[in-house]
Amino acid sequence: MTVQQPTVFLVDDDDAVRDALELLLDSTGLRTAAYPSAAAFLENYDAGHPGCLVLDIRMPAMSGMELQAVLAENSVNIPIIFLSGHGNVPMSARAFRSGAVDFLEKPFDESVLLERIEEAIQLDQSNRDALARQTEASTRVASLTAREREVMLLIVAGHANKEIARKLKLSIRTIETHRGHIMEKTGAQSLADLIELSHASGTR
Amino acid sequence: MPNSQPDYLSTRHYGTYALITLVMVAAMLAWHAWKSTGNFREYHQQLAVTSVTGAADELEFLLSELQRSMRVFANDKRSLLEEVASDPDNDAIWARLESTVQGHFPEYYGLTLTNRSGDVMRPDFDNEVDELCQRDIHTFIEDGYSQQGYIHPNPMGYHFDVMVPWGDADNPQGVFFLSFPPDILARVLKRIQSPGHALLLLRTDEVDLIEVSGEGTRTELQRDFTLSSDELARILYSRNIPNSRWDLVDLPDEQLFRSEALRNAGYAAVVFCTFAAVGLLMLQQLSRKEQRRLQAEEQALQHQADLAHVDRINIMGEMASGLAHELNQPLSAISTYCQAGLRIIDSFNDKPAKLVHALEQASMQSQRAGEIIRRIRRFTGKGMVRRKPIDINRVIHNAVSYIDTEQKRKGVKLVLELADGLPAAIADEIHIEQVILNLLHNAIEAMFSGSDNTRILRVSSKLASADTLQVTVNDTGPGLDAAMHNSIFDTFYTTKKNGMGLGLAISRSIIEAHGGQLWADPGAGAGATFHFTLSVAAA
């Protein structure tokens with residue numbers, strides 16, 4: 001898996017604003033991809049690509065808010081920074097409720113925007129890492145047998161081998177064998193590792 | 001402006017009309033009272049003439065009839081009279097005469113017989129023939145046997161005398177004399193006199209001395225024997241009785257006319273007071289109604305003024321807001337370009353300080369311009385929104401009332417489909433009314449841009465969800481094509497020749513400021529449909 005460089009996706013119908021922002025981001029060495037409309041963005045966007053979205057809230061056809069809703073519907077979790085030519089409190093409140101990272105009113109202070117973009121990219125990265133860990137953990141946990149998963153949950157819940165044996169009406173020895181397989185299959189180095197992994201996989 | 005016609009009928013005018021009417025009514029009633037009092041008086045005058053004439057005739061007849069029967073008696077019983085004359089002191093003969101007279105004149109009071117010279121033949125009989133009677137008898141003979149009736153007392157009571165000659169007609173032997181009680185006269189008066197009137201016999205030689213009334217002789221009356229000048233003036237009619245010293249007069253009761261006049265005046269007063277009271281009551285009602293009307297008018301005017309004010313504020317706000325949006329884009333671009341330039345220069349080894357300064361300043365100035373715009377927008381913002389629970393249907397009715405005349409004049413059919421029992425919305429009434437009015441005006445204008453002849457404007461309200469009210473305005477105009485649908489809410493976008501492109505933008509700002517949404521259904525051809533939502537007041 002190649003590590004992709006994060007990209008700042010830029011959606012604004014105003015050509016000048018878009019061009020200027022591209023230039024600015026370019027000057028800081030950030031990769032950018034600019035689109036004049038929500039539709040153009042959706043057409044080219046690959047959800048697997050890390051980065052963040054800088055989105056104008058008011059656009060013809062599909063507004064920023066509508067695009068946000070479409071992304072949410074498709075479980076795309078990219079951090080969004082809204083730009084508004086004319087923000088109002090109810091609108092920004094709604095945007096934040098729907099998971100926006102920030103809401104900047106034009107004309108904005110560029111350093112603030114760059115700061116927010118930096119944060120958004122970090123957020124996206126940690127989101128993706130978490131997701132990757134979860135996927136990884138899930139795959140590992142998925143390789144366990146049903147009995148092993150059962151034992152793992154009891155281990156993670158803090159029970160000693162003896163208690164688990166009594167609960168499952170098995171011998172302590174059998175539990176010890178299961179435990180060995182679990183650690184081996186999941187690659188966990190310690191009990192702490194296993195607990196983290198179990199949580200990350202979302203197994204219950 | 002509605003209701004601006006001059007006040008032809010203000011309360012003051014009503015008052016004047018009422019006053020004139022009252023004066024006229026008063027005059028009519030007074031005239032009527034006066035007239036009916038006059039009629040009453042005339043009627044009683046007639047009554048007096050009739051009863052006086054009738055009674056006088058009857059009395060005259062009574063007197064002459066008495067004389068006639070006495071003549072017949074004197075003639076028939078001449079031998080008996082001669083017998084008495086030949087032997088006046090013979091009690092037996094006298095008693096025979098008395099009983100004979102009694103048989104013919106049952107009511108007689110006194111009886112005597114005189115000789116040719118008037119000397120009474122039995123002077124001391126029961127003192128019945130007193131001085132006055134004797135003098136009368138002499139007068140009677142001296143006047144050639146002509147009768148002068150009047151009443152006079154003797155110790156036994158009042159009476160009047162009737163005399164006839166007896167013996168040969170051309171050579172009478174004396175006077176046959178009978179006296180009668182005044183009761184027989186009184187009976188006639190009592191029978192004929194009308195209620196409220198007194199028939200009186202007065203002495204003509206001693207004017208105003210009462211002789212006989214319906215009650216009997218003057219002594220029965222318990223009053224002065226003479227009439228006062230006041231009473232004399234009150235006499236309605238008077239007539240002389242022949243062969244007597246009597247005038248028969250009709251004297252009405254003192255109270256008769258006065259009480260009638262009072263009754264009429266009282267009746268008029270009662271009618272007048274009733275009329276005045278009813279009139280005043282009506283006037284009061286009218287004035288109250290008028291006051292209410294004026295108050296309502298004032299409120300309507302105030303409401304209109306509020307609406308116009310809010311309209312101006314909104315237009316200003318929306319223009320500022322629209323300008324802000326339009327200007328913020330280039331300002332933002334300028335600022336960003338400058339920043340980008342600065343960052344590019346930053347990578348140079350040899351930084352041109354003056355260029356850095358210029359770019360920094362340009363960036364700062366664009367930020368400053370943005371700040372100015374923000375300040376203006378804050379200033380013209382929705383600072384005067386007063387939210388409280390409102391009845392959305394009432395607001396719709398209010399708004400509709402403003403386009404009522406326009407809509408009727410233009411032949412637009414208005415259909416209201418308002419849900420009953422809607423909960424109150426939390427909103428500023430004036431602003432919401434403004435939104436509805438904008439939508440209504442747009443709808444009416446849209447329906448006149450095409451050629452379609454059926455023009456139906458439909459306004460409905462409903463509960464869209466547990467906490468949301470939805471109002472829908474639908475027309476039968478050409479509808480919205482895709483391009484229009486995209487930009488119809490943009491500030492300064494308009495399809496009208498002289499529109500500013502603010503109405504829908506303002507409306508959307510207002511609704512969004514209320515936490516609701518305003519949108520249009522897409523699609524041309526089927527007419528345009530606009531919806532907006534408002535939050536329901538917490539229960």
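The points below cover the domains of chain B and then a group of its strands. The model is a predicted one. Chain B is assigned domain 1 (8-252), domain 2 (257-380) and domain 3 (388-535).

**Domain 2 against domain 3**

- The centres of domain 2 of chain B and domain 3 of chain B, taken over C-alpha atoms, lie 20 Å apart.
- Domain 2 of chain B brings 13 residues to the contact, and domain 3 of chain B brings 15 residues.
- Between domain 2 of chain B and domain 3 of chain B, about 1,300 Å² is buried, with 69% of that area coming from carbon and sulfur atoms.
- On the side of domain 2 of chain B, B:His303, B:Leu307 and B:Glu318 account for 44% of the area it buries against domain 3 of chain B, more than any other three residues.
- Zero salt bridges are counted between domain 2 of chain B and domain 3 of chain B, and one residue pair is in polar contact, with both residues at pLDDT 80 or more.
- The side of domain 2 of chain B that touches domain 3 of chain B is made up of six nonpolar, four polar and three charged residues.

- Strand β11 (residues 413-418) of chain B runs parallel to strand β13 (residues 456-465) of chain B, and six bridges join them.
- B:Lys413 has B:Ile456 in β13(B) as its bridge partner.
- β13(B) also pairs with strand β14 (residues 468-474) of chain B, in the antiparallel sense and over seven bridges.
- B:Ser461 has B:Val471 in β14(B) as its bridge partner.
- Two residues lie between β13(B) and β14(B), which form a hairpin.

Technical notes
Residues numbered from 1 in each chain as written. Chains lettered and ligands numbered in written order. Predicted model: local features only at pLDDT ≥ 70, side-chain atom pairs only at ≥ 80, totals over all residues. Heavy atoms only, no water. Domains from an automatic or database assignment. Contact = heavy atoms within 4.5 Å. Buried area = accessible area lost by both parts, 1.4 Å probe. Salt bridge = Lys/Arg side-chain N within 4 Å of Asp/Glu carboxyl O. Polar contact = N/O pair within 3.5 Å; in protein donor to acceptor, adjacent residues only side chain to side chain. Nonpolar A, V, L, I, M, F, W, Y, C, P; charged D, E, K, R; others polar. Pairing = 2+ DSSP bridges. Helix = DSSP H or I, 4+ residues; strand = E, 2+ residues; numbered from the N terminus.
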